[in-house]
Each structure stands twice: as structure tokens, then as C-alpha cells.
Amino acid sequence: MRYIDDTVVMKRMTKRIIFNKVWKSLFFLATTFALVTLAILLYRIVTQGADYLTIDFLTNFASRFADKAGIKAALIGSLWLMVVVAPVSIILGVGTAIYLEEYAKKNRLNDFIRMNISNLAGVPSIVFGLLGLTIFVRMLGLGKSVLAAGLTMSLLILPVIIVAAQEAIRAVPNEQREASYGMGATKWQTILHVVLPAAIPGILTGSILAMSRAIGETAPLVVIGIPVILQFLPNGLLSQFTALPMQIYDWAKRPQEAFQYVAAAGILVLMIVLLLMNSIAIFIRNKFQKRY
């Protein structure tokens with residue numbers, strides 16, 4: 001007695017094979033389109049900005065003349081911005097993730113908090129700019145300073161860091177926690193010496209990628225009123241400053257063709273900074289993955 005009809009099996013297999021090939025082709029075309037678009041953008045930026053990427057460009061201040069324009073103030077200002085963003089966002093983000101994953105009880109309120117943190121990661125950046133303008137610039141009177149912009153950017157990337165840290169902590173096997181408790185360690189000692197070292201690759205990778213987003217954001221800086229041209233460097237957290245995205249935005253919107261090439265050179269500088277930050281993330285991840 002035959003329970004399987006070979007004809008029916010062959011028809012179904014043929015349909016599945018065709019269906020698989022169609023979707024494989026669509027995925028390949030989507031990947032190819034993205035890569036080709038990226039290659040065209042990179043080619044255009046490199047060909048336009050490479051000639052302007054000189055030592056003078058890196059050491060000069062902004063100018064109304066394209067051949068004298070530089071990115072020194074914006075580059076140093078972005079580094080000052082990261083001085084505020086990095087400790088504030090990482091400390092608050094990792095601390096929140098530790099509480100939610102290790103200490104908070106499993107109830108509806110905490111589930112609601114986790115859900116809303118995940119939702120905040122998808123909120124447009126201009127909303128955080130309005131929040132920073134209301135709280136830090138006006139209510140606290142910080143003005144258009146490095147501290148106000150840094151706190152605003154920290155709010156922007158905080159949900160991303162919290163979610164990344166939660167996933168990294170959640171990925172640590174419970175057996176390691178139980179082994180630590182079995183040796184007589186307290187909960188905090190277990191978190192400090194067992195959980196966090198094992199979760200560091202995921203935490204730092206997510207944090208650095210989030211900071212890469214912060215250093216390239218323009219909308220929050222525009223909303224809080226960060227100037228686009230400054231002829232001095234910030235000398236403290238309450239000093240005015242400008243940043244790479246603001247300077248590039250100012251050059252790109254100018255009608256003179258020469259400033260379009262200067263903007264391309266600024267984009268190259270920003271890309272190099274982002275690549276360095278991403279390289280650090282990869283290095284740290286690989287180093288700690290070998291250890292734990």
C-alpha cells in the first residue's frame with residue numbers, strides 16, 4: 001500500500017524550489033542595490049573631497065572663503081561632545097540595564113518600562129532635541145553649551161545602550177550566576193565579577209555604535225541652537241561649541257560650488273572618526289570574547 005504519491009511530492013518540491021529561487025534572487029537584488037548605492041555615494045564623496053582634505057583643512061577655523069575653510073573648531077567640539085556623552089550615557093544605560101535584568105521583579109510595571117524603553121529607541125532625534133531645548137537649555141539655563149548638547153545626545157542614545165546592555169546581560173548563562181552563588185558570593189559580587197565581564201563585549205559594542213550615532217546627528221543640535229561657525233575652541237563644559245554635522249550642514253547648504261567640495265571633505269573626516277570608533281568596538285569585542 002502506497003501512502004506517498006511521487007507525483008504530488010515532485011509538484012510540491014518544484015513549487016518550493018521555484019519559490020526559494022525567486023526569494024533568493026530578490027534578496028540578492030536588494031543587497032546589490034544597497035551596495036551599489038553605497039559605492040556611488042562613497043565614490044562621489046571621495047572624488048569631491050579628497051583634494052580639500054589637507055593639514056590646513058584640519059587646523060584652520062571656518063571661513064567664508066572655501067579655500068581657507070577648516071574644520072578644527074568642529075572636530076574639537078565633537079570630541080568635547082563625546083567627553084560628556086560617553087560617561088553619562090554608558091553609566092546610566094548600563095546601570096539601568098543591570099537593575100532591570102538583575103534586580104527588578106517580573107511584573108506588569110517593569111514590563112511596561114522595558115517596552116517603553118525599547119519604543120524610545122525608535123523616536124525621531126528631533127524630539128530629543130526639543131526635550132533638550134526645554135530642559136537643559138531653558139529650564140536649567142545651560143545655554144548653547146557643550147554640557148547641554150551632551151546631555152541631549154545622551155538622552156538620544158540612552159535607550160539604545162539600555163537595550164544593548166540588557167541583551168548582553170541576558171545572554172550570560174544562569175549556570176555562571178549559580179556557580180558564583182554556590183561559592184558564597186553576594187548578588188552584587190556576582191554581577192561585578194561574573195556577569196559584567198562576560199557581558200562587556202556586547203555592552204561596549206552597543207555603546208560605541210550608539211555614540212557613533214550621536215556624533216553624526218544634526219537635528220538635536222539644530223533645535224537647541226548650536227552655532228555653525230565659531231572662531232575659537234571650547235575651554236570648558238559650559239563653553240559654546242560647534243560640531244562636525246553642523247559644520248558640514250552649513251557648507252552643504254551654501255550655493256557656491258566650492259563649498260560642496262569642502263562639505264565632502266568634512267564628510268570624509270566624519271567617516272574616518274566613525275570608522276575609528278567602530279574599529280575600537282570590534283577590537284574590544286574580540287578581545288573580551290577570547291577571555292570569556
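The radius of gyration used here is taken over C-alpha atoms, and the globule rule is 2.2 Å times the number of residues to the power 0.38. Keep in mind that this is a predicted model.

**Exercise 1. Overall form**

Task: Work out how the radius of gyration of the chain stands against the globule rule, and describe the fold.

Solution:
- Step 1. For a compact globule of 292 residues, the rule gives a radius of gyration near 19 Å, but the chain has 25 Å.
- Step 2. Now look at the extents: the C-alpha trace spans about 90 × 60 × 35 Å along its principal axes.
- Step 3. For secondary structure, we find 11 helices and 0 strands.
- Step 4. Finally, the contacts: taking those between residues at least 6 apart in sequence, 75% join residues at least 24 apart. Of the 292 residues, 39% count as buried.

**Exercise 2. A pair within one helix**

Task: Classify the ring pair of phenylalanine 19 and tryptophan 23, and say how the two residues are placed in helix H1.

Solution:
- Step 1. A pair of aromatic rings is described by the distance of the centres and the angle of the planes.
- Step 2. The structure holds 4 aromatic pairs. In the one formed by phenylalanine 19 and tryptophan 23, the centres are 6.0 Å apart and the planes meet at 70 degrees, so the pair is edge-to-face; the cut-off for that class is over 60 degrees.
- Step 3. Phenylalanine 19 and tryptophan 23 are 4 residues apart in helix H1, so about one helical turn separates them.
- Step 4. Phenylalanine 19 is exposed because its relative accessible area is 55%, while tryptophan 23, at 39%, counts as partly exposed.

**Exercise 3. A pair between two helices**

Task: Which parts of the chain does the pair of phenylalanine 57 and tryptophan 251 tie together?

Solution:
- Step 1. The geometry comes to 5.8 Å centre to centre and 45 degrees between the planes, a tilted pair.
- Step 2. Phenylalanine 57 belongs to helix H2 (residues 55–59) and tryptophan 251 to helix H10 (residues 244–252), so the pair ties together parts 194 residues apart in sequence.
- Step 3. Phenylalanine 57 is buried, with a relative accessible area of 3%, and tryptophan 251 is buried at 0%.

**Exercise 4. The surface patch**

Task: Which residues make the nonpolar surface patch of about 880 Å²?

Solution:
- Step 1. The patch is made by Ile18, Phe19, Val22, Trp23, Leu26, Phe27, Phe28 and Leu29.
- Step 2. Ring pairs link Phe19, Trp23 and Phe27 into a cluster.
- Step 3. Take leucine 26 as one example: this residue is found in helix H1 (residues 6–49) and counts as partly exposed because its relative accessibility is 43%.

Technical notes. Residues are numbered from 1 along each chain as its sequence is written. This is a predicted model: local features need pLDDT of at least 70, side-chain atom pairs count only at pLDDT 80 or more; totals for chains, interfaces and linings use all residues. Side-chain values use heavy atoms; hydrogens and water are left out. Patches are made of residues with over 30% relative accessible area and no salt bridge: like charges are joined within 9 Å, nonpolar side chains (Val, Leu, Ile, Met, Phe, Trp, Tyr) within 5 Å. Accessible areas come from the Shrake-Rupley method with a 1.4 Å probe; for residues, only the protein chains shown count as cover. A salt bridge is a side-chain nitrogen of Lys or Arg within 4 Å of a carboxyl oxygen of Asp or Glu. Buried means under 20% relative accessible area, exposed over 50%, partly exposed in between (1.4 Å probe, protein chains only). Contact means heavy atoms within 4.5 Å. Rings of Phe, Tyr and Trp (its six-membered ring) pair if their centres lie within 6.5 Å; planes under 30 degrees apart count as stacked, over 60 as edge-to-face and the rest as tilted.
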